[in-house]
Every structure is written in structure tokens, then in C-alpha cells.
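Let's take a walk through a protein chain together. Have a look at the model first, and then we'll go through it piece by piece.

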Amino acid sequence: MLTRNEPSEIDLIHREYQRINEKWLRLHVHLTLSIALFVGALEIALYFALRYMDIVSSSRNIYFIKYFLIPTSLNLGLSLFCHLVQRSRRIPLRGKAYAVSLSLAGIGLILYSVHSVFSSLVLAVAMPIVLTTVYSDRLLTTVTALSSIAGKVLSDLLLQWDLDVVKDFSDREQLADLVLSVVVLFAIYTLCDVLIRVEQEKNNVSIRRELERQHLREQAITDPLSGTWNRQGLEQAIAELDANPTGSYALAILDLDEFKSINDTYGHLRGDKYIQELGKVLNDCGEGIPFRFGGDEFCILFCNHSQEDVLAACRSIQRAFVRSPSNRTYHRVTLSIGVAFRTPGINGDQLLQQADSALYRAKADKGSIFFYHQS
């Protein structure tokens, strides 16, 4: 049913973006556990492969502690941390994305640091950067990239995990390898940043176009003078009412008593002020959906309201309109209101006729409220 309180198309788009990000976050968290377990299994397989090639210089116990137990424990700890963050209700979605992305960057750095002899493992540092592009958050990608690159450089300069690897950056070849790896990581980050910019621009264009369409739709069914929905909006609401034969609806028609005398005495501009102020009262009421039917007549469509609720709302509207600036300053104008409740077998047009008939009875005693009763 037409209402000003329903979510806009833009709200729905943003909710869909959030739903996708939440889904990706869950996959991201599961990925941390999968990588931690995969790396642990890979370390065991690597031990047997290196032992078969007679490359392992460490004893079995030392290799197990240094290359399996410590790294795997750290990786599983980071994965557990991600799961706790993801399940938390206090941490916002963006905060969770930062925590998970940086944790995955930590797992990548652990893998790279333990086996820095394999230069191709720089991809383990790059992977967390690439995965952040799904969130379309440039700051998140930047923070993850800087953390990963800084961690990689510090690992190269300060950490000697594998004693068989000789690090000597006075050696031009090793220094060039370090610089080149950093340049490659920055290039990957730059590419990710460009992709996010393009995706954000596409999303912004889509949102702007949807805003324009939504604005045009609202203009088409909004009365510019009163700010309520117009007659076209009422026809749309009645069509939706007819499509829901079991719904409980009431229609009220409001008319400004002796409004013609206001226009004749004070002019049409002053009469427009009464219309504007009544429109504001109806929009501020919060009960039902207001429409300007034409001239000085307005309608309110109530959904799932009892007769007592409708009566209370109508009286509240009458009191609020009496306190409006024009009523206090110029001629006091009252509101007559006719109300009809939809009964089985009654369509929207018939409901409108019944409410109009009730209004005719209410106008006989100006400022009154009359409910339609079938004879």
C-alpha cells in the first residue's frame, strides 16, 4: 500500500549491498579457517617432499615446532578471532570487515615469513589486498595494503625465521628483489583501488538514476500545494485496495467549511494558505495516508484501524487545524469529515462514494464527523 513511511528504492539498494557484504564477510571468515588448515596440511606435505629431496636440515621435532606447530597455531588463532568478530552483535559490519581483512593479511604474512626463501609466496601477501575489493571500500583496501606491505618489509629486514636463508641486503640482488616485490605489491594495490573507483562510480550512476526516477514518480502523485498525495495517488491506492479484498480499510473525506467565502473575502492566495496548513496537519498526523482529492477536499485512507482509532485521529486533525496560523489570524474555518469502512463486496470506488455520502451528512452540522451506515 502507498505510504510515505515505506523504504525507498535507494534504501532497498543499500540494504541489498549490505546483505551482499554480510554474505561475503561470512565467506571471508570461512576462508581464513580454510587457509589456516590448508597451510598446516601443506607444511606436513612439504616436510616429506623436502626430506625426500634431502633438503631438510632441521630435525623432525624442530621442523614440526618451527614450521607446523607455531605457524598453524597462530593462523588458527587469527581464524578463531575472525569467527568471534563475525558473530559479535556489537561490532558494525565495517569494523568486522577491517578485522577479518587484517587477520587474513596476518595469515599471509606468517606464511611468507616462515618460507621467505620462496619468492613466489609474496602472493600470500597480495591476496588479502585483492579480496578487500569486494567491499568497495577504498580505505579498507588502503589500510590492508599498507599493513601487508609494511609487514612484508619488516619481515624481510628484521625476521630470520629460516636460518638456512641468508639475508644480506648489501647484496644488490637481494635488495633489488625486495624493492621489486614492494613495487609489485603497490601496483596490485593501485589496480585494486582503480577497480573500486570504477565500481563505485557505476553504483553512484545507478543510484542517481534511481533517485531521479523515484523523484519523478513522487512528483507525479504529489500535490504541490498541500504536500500530500494527489488524486492520481488516491487512484493508485484504491487500485491496490481492490487488489487486497481481505484488508481492513476506512476512508475519510475532509472538507473545509465555507471555504469559498475565504477566497471571496481574503483572496485565493490566502485560501491557498489554508490548504497548505491543512496539508501540513495531515502529513504531521502520522495516522493514515493523506490525499488532496481536489479543491478544498482531502481524503485519508486508514489501514487496519478501528472506528475508535479513526474517530480519535479525525478529532486530532480538527483540533490541530483550528490551531493553524490562518485560523488564529483570519477567519476560523472548521473541518467536516465523512468516514466509511469497507465491508465485504465493496470496492474502492464504492467506498469513496460511501465516504462522500457521509461527508454530505457531516456538512449539515459543520465541523462534525459522520460515519457511513448502510440502511
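Helices (H or I, at least four residues) and strands (E, at least two) are DSSP runs, numbered from the N terminus. What you see is a predicted model, where local features need pLDDT of at least 70, side-chain atom pairs count only at pLDDT 80 or more, and totals for chains, interfaces and linings use all residues. Residues are numbered from 1 along each chain as its sequence is written, and side-chain values use heavy atoms, leaving out hydrogens and water.

Start with Ser-226, which sits in the loop between α6 (172–220) and α7 (231–242). Is Ser-226 buried or exposed? Buried means under 20% relative accessible area, exposed over 50%, and partly exposed in between (1.4 Å probe, protein chains only). Ser-226 has 6% relative accessibility, so this residue counts as buried. Leaving aside neighbours within four places in sequence, Ser-226 is in contact (heavy atoms within 4.5 Å) with several residues, including Ile-275, Asn-283, Arg-292 and Phe-298. Val-194 is another story: 32 residues apart along the chain, the C-alpha atoms of Ser-226 and Val-194 are separated by 47 Å.

Now for the sheet. Five strands line up in the order β2-β3-β1-β4-β5, making an open sheet with mixed pairing. At its edges are β2 (289–294) and β5 (369–371), each pairing on one side only. Two strands pair if DSSP finds at least two bridges between them. In general, strands of a sheet pair through backbone hydrogen bonds, either parallel or antiparallel.

Follow β1 (249–256) to see this at work. β1 pairs with β3 in the antiparallel sense over seven bridges, and there Ala-250 stands opposite Phe-302. β1 and β4 are antiparallel too, over seven bridges, with Leu-256 and Leu-335 as bridge partners. β4 (residues 335–341) and β5, by contrast, pair in the parallel sense over three bridges, and Gly-338 faces Phe-370 in β5.

How many residues of β1 are buried? Eight of its eight are. In a regular strand the side chains alternate between the two faces of the sheet. In β1, Tyr-249, Leu-251, Ile-253 and Asp-255 point one way, while Ala-250, Ala-252, Leu-254 and Leu-256 point the other. Helix α10 (residues 307–322) lies across β1, β3, β4 and β5, and α10 runs at about 165° to β4 (axes are lines fitted to C-alpha atoms, for helices over the stretch in contact, and angles run from 0 to 180 degrees between N-to-C directions).
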